[in-house]
Amino acid sequence: MRFSHLPRALAAGILLAAATAPPLRAQDGYDVIIRNGRVLDGTGNPWYRADVGLRGGRIAAVGDLAGARAARDVDAAGLYVAPGFIDVHSHAGEGLATAALSHGRPLLAQGITTVLVNPDGGGATDMARQRAALQAAGIRVNVAQMVPHGSVRQRVMGMADRAPTPAEMERMRALVRAGMEEGAFGISTGPWYAPGSFAKTEELIDLSKVVAGYGGAYSSHIRDEADYSVGLVAAVDEVIRIGREAKLRVVATHLKALGPRVWGYSAALVSRIDRARAEGVEVFADQYPYTASATSLSGALVPRWALAGGDTALRRRIGDPAEGARLRAEIVESLHRRGGAERIQFRRHRPDPTIEGKTLQWAAERGRVQPADAVLALLRVGNPGVVSFNMLDEDVDRLMKQPWMMTSSDGDLVPMGEGVPHPRSYGTYPRKIREYVVERGVMELAAAVRSMTSLPATVFRIPDRGVLREGAVADVVVFDLARVNDPATFSDPHRLAEGMVHVFVNGGDAVRDGRLGTATYGRVLSPRRSGER
Ligand SMILES: [Zn+2]
């Protein structure tokens with residue numbers, strides 16, 4: 001029977017019934033019942049005691065299920081039951097698409113069940129191909145894709161430091177449109193990084209209008225997190241302007257006040273964002289709970305003019321007497337911005353692994369050179385990843401408390417033991433709970449969980465996730481608050497997080513009694529596109 005033959009109200013009723021879970025009946029069995037836990041439903045409500053019944057990959061019931069039976073009972077007495085955590089800024093996409101790392105162990109150990117990939121304007125531009133690669137690898141967490149502006153620009157214009165021609169602009173629009181058609185949740189940009197830095201605000205607004213037509217969001221590694229170019233406050237204003245003019249939800253990703261010259265600026269950022277919100281602009285932000293960031297050596301210290309034309313052009317400039325001198329002087333300045341060479345620690349450098357985990361100061365002393373000269377010598381042979389200790393607790397805390405602040409890791413997925421990555425790759429979510437909720441009381445547990453669940457799902461319009469309620473998808477974490485821990489440190493980062501007792505992904509037990517399973521329950525997600533266009 002076709003719906004067109006039915007009265008309209010009846011057809012609507014059938015559609016509604018198909019979209020929500022069937023009503024609970026006493027004789028119904030469940031796949032799993034998580035019993036007696038403290039339910040944090042993800043909305044920010046304080047915990048309440050309830051049983052949670054899972055069936056067919058969905059949450060079938062939340063309430064008193066004492067008389068109901070299940071194929072498997074999980075005793076959650078004394079434990080918290082929450083929606084699976086959503087990481088809105090993750091560099092795990094590349095790793096997850098490989099057979100060696102598709103297990104996503106460091107993610108599941110943190111309670112992360114969904115990651116948003118292609119952040120900072122970087123990553124795959126062909127969403128369909130990336131989706132196929134992820135599915136072929138067999139993922140254990142869900143992946144939501146973003147269209148990366150920097151990669152789109154590079155595909156069309158290379159590393160050119162100029163405005164696009166009308167034809168190039170149309171090709172970029174077409175790539176963004178194709179990405180949205182293929183299931184992306186929005187656009188990521190990185191006007192801080194080359195080649196995204198070569199784009200003016202108008203270019204970002206233009207492409208964001210395409211994204212807005214699909215109901216997507218905008219997430220940006222902002223143009224300046226310190227005082228490199230336009231300055232931190234103006235960079236946040238740019239995000240706000242894009243939200244206002246392109247009319248879409250905008251996110252200042254991994255928001256921070258980077259370096260001594262902007263320490264304390266978090267108060268100004270909060271008031272700018274609050275004012276924009278009062279004016280009707282949908283501005284949000286996300287943050288990782290550490291006072292150190294991570295990027296590449298050139299990302300941290302090399303001015304963008306020196307990156308036009310790519311790596312070969314950079315190496316030529318290093319060797320050029322005039323340009324090399326100007327470059328060196330600007331690197332000295334950037335080192336001051338970041339608080340000095342002892343605040344830069346190397347993560348990974350294949351040409352010389354002996355510097356991994358050591359500081360730039362150490363490398364300079366070993367080579368008996370100034371830090372800026374050590375930087376230039378390193379850049380001649382590669383571009384090592386660095387951790388940069390550059391934030392103030394006061395700023396991190398103030399930003400964290402804002403109701404529009406989500407949690408993100410900005411983490412990578414690397415083989416365990418390889419290099420000295422930022423510990424956020426292993427510990428972000430447990431760390432926010434342990435350090436900022438339990439030990440320092442910066443925020444309440446329910447608010448922290450909300451920043452990891454329903455807020456991200458709302459901002460990025462991820463259907464049926466981020467909340468613990470009947471009919472939602474069964475992405476669920478069960479954690480032991482007393483044992484939640486992030487043993488990963490800056491000197492010893494390859495340590496899995498602790499305290500996530502059970503993790504369900506699409507109803508499958510990805511972590512059971514603290515042990516990671518082997519089944520691939522993850523999916524590449526698609527937005528719901530009803531009435532958007
Ligand atoms: Zn970034």
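Colleague: What does the domain assignment of the protein chain give?
Modeller: Domain 1 covers 83–291 + 391–516, and domain 2 covers 300–388. This is a predicted model, remember.

Colleague: What separates the centres of domain 1 and domain 2?
Modeller: 27 Å, taken over C-alpha atoms. The contact takes 22 residues from domain 1 and 22 residues from domain 2.

Colleague: And what area do domain 1 and domain 2 bury between them?
Modeller: About 1800 Å². Carbon and sulfur atoms account for 51% of it.

Colleague: Which residues in domain 1 lose the most area to domain 2?
Modeller: Tyr 228, Arg 261 and Val 420. Together they make up 30% of what that side buries.

Colleague: How many salt bridges across that interface?
Modeller: The rule finds four between domain 1 and domain 2. The count of residue pairs in polar contact between the two domains is ten.

Colleague: Which residue forms a salt bridge with Glu 418?
Modeller: Arg 348. The closest N and O atoms are 2.7 Å apart.

Colleague: Switching to helix α13. Which of its residues are buried?
Modeller: Leu 360, Ala 363 and Ala 364, in a helix that spans residues 360–367.

Colleague: Why are they on the same side of α13?
Modeller: Because they cover an arc of only 100 degrees around the axis.

Colleague: What follows α13?
Modeller: Arg 368. Its phi is positive, near 50 degrees.

Technical notes
Residues numbered from 1 in each chain as written. Predicted model: local features only at pLDDT ≥ 70, side-chain atom pairs only at ≥ 80, totals over all residues. Heavy atoms only, no water. Buried < 20%, exposed > 50% of the residue type's maximum accessible area, 1.4 Å probe, protein only. Helix = DSSP H or I, 4+ residues; strand = E, 2+ residues; numbered from the N terminus. Arc of directions from axis to C-beta. Domains from an automatic or database assignment. Contact = heavy atoms within 4.5 Å. Buried area = accessible area lost by both parts, 1.4 Å probe. Salt bridge = Lys/Arg side-chain N within 4 Å of Asp/Glu carboxyl O. Polar contact = N/O pair within 3.5 Å; in protein donor to acceptor, adjacent residues only side chain to side chain.
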